[in-house]
Each structure stands twice: as structure tokens, then as C-alpha cells.
Amino acid sequence: MSKPLSLAFDPIARADELWQQRWGPVPSMGAITSIMRAHQILLAEVDAVVKPYGLTFARYEALVLLTFSKAGELPMSKIGERLMVHPTSVTNTVDRLVRSGLVDKRPNPNDGRGTLASITGKGREVVESATRDLMAMEFGLGAYDAEECAEIFAMLRPLRVSAQDFEER
């Protein structure tokens, strides 16, 4: 869990006020600072929940992705694409999962240069337990109800579209 700051004022609102005094109003500055702080808070809370399983949130996401695949395995390149991370990060994440016995790696028979990552039985057990714990703490978003979570998702979607994460239909 993140350590409460318990400040007597909102430091992001204060920064926004000072920014406006110096450079004029730029609402995006307050928004980005709030988003980055929220990311810090959520990542700390989620990582604290998955840490007892020997996971980080990135490793947890990789395990979940493998459970979503029909055969419980995916090419490393597909993992990187779906998780939207650099190939080096995928290799690091999967290698750590292999060392933990949660994932196996083998050559991809359909691609002579590629590698498949597959979730192990132990990996399936760990992902189920970690998921249960994350759902119990609402992935750190317990301050919001279901409708507000949907609003957050909808508000951030145009940013992801403009970054060309996917093609909006």
C-alpha cells in the first residue's frame, strides 16, 4: 500500500495554482499530474497485493494474458503486442515467471525464430489466487462505484485511440 501523505492541502491543486500564476491556465498540467499520482498510488496498492505471490503487476498481467489464450500459450511477440510493452520487457517478465515455475518457454514450431511462453499448472493456481485478492480490493479503485469506473475508462479511451493503441470502429 502507498504511504499516506496526509498533507493539509492538495499539492497538485497548489501546483496548478502556481502554474497558472506563472504561465497561465493549462488544465492539462493538473490533469496529467493527477493521472501520474493516481498511477503511483494504484501501482503501489496492486503490487502490494500480488507481491506475496512473487509477482509484480506486469508479471500478473502476463499470466492473465496466457490464461486468456485457448492453449495457455502465446508467442513472445504476441505477449508484447497485447501488453503494449517493448520486447525486452516481455523477455524480462517471462524469464522471471519461468524462474518462478509459473511459465515455461519453448521454441515456436510455427516460427523458427520465435519462442512460445506457456502457463504452468502452478502459474494457473497463482493467477487464480492473485485475481481473487485483486478483485477483493477492487484493483485499488474501491473509492469509485461501477458507473464511475466506466466513466474513467471512457474518459481515457480517446487518449489511447490518439496514441494509436488500436483502431476505433
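Tyr60 is buried, with a relative accessible area of 5%. In this predicted model, Tyr60 is one member of an aromatic pair whose other member is Phe57. Phe57 counts as partly exposed, at 22% relative accessibility.

A search of the whole structure returned two aromatic pairs. In one of them, Trp19 and Trp23 are tilted, with 4.5 Å between the ring centres and 55° between the planes. These two residues are four positions apart in helix H1 (residues 11-23), so about one helical turn separates them. Trp19 is partly exposed, with a relative accessible area of 29%, whereas Trp23 is exposed at 55%. The pair formed by Phe57 and Tyr60 is stacked, with a centre-to-centre distance of 5.8 Å and an angle of 25° between the planes. Phe57 and Tyr60 both belong to helix H3 (residues 57-68), where they are three residues apart, about one turn of the helix. A further arrangement involving a ring is found at Phe9, where Arg14 lies over the face of the ring at 4.3 Å from its centre.

The count of salt bridges comes to five. Among them is the one between the side chains of Glu81 and Lys78, with an N to O distance of 3.8 Å. Both residues lie in helix H4 (residues 76-83), three residues apart, which is about one turn of the helix. Glu81 is exposed, at 52% relative accessibility, and Lys78 is partly exposed, with a relative accessible area of 28%. Another salt bridge joins the side chains of Arg132 and Asp133, at 3.9 Å from N to O. Arg132 is exposed, with a relative accessible area of 52%, while Asp133 is partly exposed at 26%. Glu168 forms a salt bridge with Arg157, in which the closest N and O atoms are 3.3 Å apart. Arg157 lies in helix H7 (146-162) and Glu168 in the segment after helix H7, so this pair ties together parts that are 11 residues apart in sequence. Arg157 is partly exposed, at 28% relative accessibility.

Contacts between parts of the chain separated in sequence were examined at Thr115. This residue is found in strand S3 (residues 115-119) and is partly exposed, with a relative accessible area of 28%. Thr115 and Pro75 are 40 residues apart in sequence, yet their C-alpha atoms are 5.6 Å apart in space. Leaving aside neighbours within four places in sequence, Thr115 is in contact with Leu74, Pro75 and Met76, and also with Lys105, Arg106, Pro107 and Asn108.

Terms used
Residues are numbered from 1 along each chain as its sequence is written. This is a predicted model: local features need pLDDT of at least 70, side-chain atom pairs count only at pLDDT 80 or more; totals for chains, interfaces and linings use all residues. Side-chain values use heavy atoms; hydrogens and water are left out. Rings of Phe, Tyr and Trp (its six-membered ring) pair if their centres lie within 6.5 Å; planes under 30 degrees apart count as stacked, over 60 as edge-to-face and the rest as tilted. Buried means under 20% relative accessible area, exposed over 50%, partly exposed in between (1.4 Å probe, protein chains only). A charge sits over a ring if NZ of Lys or CZ of Arg is within 6 Å of the ring centre and within 35 degrees of the ring normal. Contact means heavy atoms within 4.5 Å. A salt bridge is a side-chain nitrogen of Lys or Arg within 4 Å of a carboxyl oxygen of Asp or Glu.
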